[in-house]
Each structure stands twice: as C-alpha cells, then as structure tokens.
Amino acid sequence: MAMIILLVLLIIFAAVGVPLAFAIGASCVTYISTNAPNFMSMVPQRVWNGAYSELMIAMPLFMLAGELMNTGGITKRIINFCLQILRPIRGGLGEVNIVASMIFGGISGSSVADTSALGSILIPAMEEQGYPPAASAGITVASSTMGMIIPPSTPMIVYSMISGASVGALFMAGAVPGILIGLTQLILVFVISRRKGWHPAHTKFDVKECVMAILSGIPALLMPLFIIVCVSFGVCTASESAGVAVLYAILVGFFIYKELTWRDIWEALKKTLISSSSIMLIIGFTTIFTWVLTMQKVPQTVAMFFMDLNMPAWGIALMFDVLILMIGTFIDVSPAILLLTPIMLPVMQNYGFSPLQFGAMMITGLAIGLVTPPVGMCLNACNKINRMPVVAIFKGALPFIICNIIVLIAISLWGPLTTWLPLMLGYSL
C-alpha cells in the first residue's frame, strides 16, 4: 500500500508540472517521513552520493564537446564531407542528414544535441531542395536517435553507473545496433527520395571540390575515431577521453577552422552547465527512489512475478520492449534508466540476458521515446528550429522510426548483435 502511495504521489507531482527531479524527490521524502522517519537524515547524503561519481564527469564533458563542435565549424565540415561521399549515388540531403547524424553521434553522445546542431543547418537546406517540411523535420529527428546509441553515449554512462557494467563494453554493445539503425534508415530514405523525386539532379563531378571537402573534414572525423579507440582499447577512461574531446574541439575550432571565439566557449559552457545540472539533480533524487524500492524489496517482487509467468526468454524480451516503448513516451531517458535498471536488470539476468544486451535494448528503446509525443525531447528541439507542430514532426518521422523498432526487436531476440563486438575486443559479459 505504501508503495502505491509513493507512485501515486510521483504521478500527481509530475502531472501538475513539478520538474521531474523534484517530483521524484518530494514523493520519496513524503514516503520516508511517514513510513521511516529515522532515515530522513540519510536523504541528503544519498542525493549527494547519487550525483557524485567520477564516471559522471564524462557526461557534461561530452555535452560540452558537442556544443563546441557546433559553434567551431566542425558540424559544417561533417555535412560537407557527407555531401561529397554520397554524391556518386546521387545522395540528397536526406541521406546526408542520416550519415552526418551517425558521425555526429560519435562525438556528442546526445540525440538532442544532434537534432539541434544538424537540424538548424539541414532542415532549411532540405526544404530549399524540395523536401516537404514534415519529411525534413522527420528525417532529422529520426536519424538523431542514433546519437545516444552510437558510442560515445551519455545514457550508456548513466546505465554503467547503475549496473556496474564497463563503459567501454557498453559503448561497443551499442555500436552495431546504432549502425544498423543508420543503414536501414539510409536505405529507406534513398528509396523514398528516389520515388518522390527528392534527389538532386546530376551534376558534374568536381575533383578539386571533393578533395577540399574531404581534407577539411578529416580533423572533424578524427574526433569520434579517437574517442572510440581510446575507450574501447583501454587507452584512457571515458572521462579522460571526454576531456580530450573538449580540448580537441577547442584546438580545431580555434586554430584549424578559426571559427571558434572565446564568447562561443562561454556560451557553450553555460548551455552545458544548465543541461548537465538538471540531469545530475534527477540522478541524485532518483537514487533515493531506487533506495526506497530496494528497502521495500520491489525488485525481488517484480522478479518473482515474471518468473511465475513461466514464459520463454524471447517472450520476456518482447514484453520488456513494449514496456520500454511505453515508458519512454512519458519519461525522459536518464530518469527511465535510473528507475528501471534496478528493477528489471535482475529479472532479465535470470532469463539469460547479459547486462550489455539489456543496456543496449533499454537505450535503443528509450531513444524512440525521444521522437514520440508528448515528452519527445528531439521533437521539442526540432519544434524550436522550424516551428512545426510536434505531432506533424512525429508523423514525418514515423516511417523511419519503424527502422528503430525493427532493430530493437532484432537485438532483443539475438544477443550476439550486442555482445559479439565487446567479446571480440576482450570484454567480459
């Protein structure tokens, strides 16, 4: 009964517009003060310990790297590079959008940053080339979901903190699903663009222009490669690689592209501070929530419920996929990871799922929630760019989100899609 009251309070606070971090904190404090008042003195310590983690240093640093690359000219070079490599197949800006998202996701680790950075450049350009507004926005938000799946990934860092799994192994577990989403979306965009005549007309190939775009794009492309190699092969930790990514973005923006200014750095620092602090608050207060769940033995109860269903592992996996899609529709990514992992990870492990596969399933599923109303952070970011209604953007993205769902089902039913690469690189499950 007490747990029902806790959940009802959380829903009520969230429904009346209380920020999620404070909704979680207020419901937990209310529960503890009425059911276990002796533990009230431990609440501040739990909040601090939840947010105070060396691993979490990487999160704001990757966010800062994404902001710096956008203002320092790196994003534009990535787009120009993609235009040149796709020209031989008459790739239009729809294909460019997806390939650029795959590269951008390998730097920022954030889907919302992907939408904001690439959308502000590509959406107006796509509309000028004849793409309908809904398609331009839809392709942008759908392709940006790869940002939190392809390494590095900010949600993977949050999941690692809760599950104890290796960050490097998790990055590699997300690499194949992220690439598969990109490839399937790329094929779909190519087919639709060809059928509807959105591809550009044949133009004469300019060798000089191509070489210049590729050479100019090399400094930008080296960043994701460096991050992935360093973390995956143990050269440095995720936090250290994030710090190097920030330094690299500053050096490239200042001395190579010469578009970054001290004012840009200051603005990037302010944006990163606001974004990361809100996530830290959610993490801190969610720690209390999971502590309460543990005291009430909720994970064990849920595990017994699923075990009593006597279903095969694939059935449980599909049930979890449906659950994560529903939760991702109403709760943002980091809170959902923090709330669900302590409850569902033991259940999935009982059915033979490794923490790596479970993490990839959860983050791939929650990425879809970024482009589904009403929460849909990528939808809201896109709305600020083109002022289209959120529902219209979602309709434009829907055909491409089906690609995400297909990949989610595939990695849920066949574990090697997520575990093969980490095992090949020497990580344990």
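What separates Glu267 and Lys270 in helix α13? The two residues are three apart in that helix, so about one helical turn lies between them. Helices here are DSSP runs (H or I, at least four residues), numbered from the N terminus. The model is predicted: local features need pLDDT of at least 70, side-chain atom pairs count only at pLDDT 80 or more, and totals for chains, interfaces and linings use all residues. Residues are numbered from 1 along each chain as its sequence is written, and side-chain values use heavy atoms, without hydrogens and water.

The whole structure holds two salt bridges (a side-chain nitrogen of Lys or Arg within 4 Å of a carboxyl oxygen of Asp or Glu). Glu267 and Lys270 form one, with the closest N and O atoms 3.4 Å apart. Arg77 and Glu259 form another, at 2.6 Å. Arg77 lies in helix α5 and Glu259 in the loop between α12 and α13, so this pair ties together parts 182 residues apart in sequence. Arg77 is buried, at 16% relative accessibility (buried is under 20% relative accessible area, exposed over 50%, partly exposed in between; 1.4 Å probe, protein chains only). Glu259 is partly exposed at 26%.

Five aromatic pairs were found (Phe, Tyr or six-membered Trp ring centres within 6.5 Å; planes under 30 degrees apart are stacked, over 60 edge-to-face, the rest tilted). Among them, Phe254 and Trp262 are tilted, at 5.1 Å and 50°. Trp262 is exposed, at 66%. Phe320 and Phe358 are also tilted, with centres 5.0 Å apart and planes at 40°. Both residues, Phe320 and Phe358, are buried. Ring pairs join Tyr159, Phe320 and Phe358 into a cluster.
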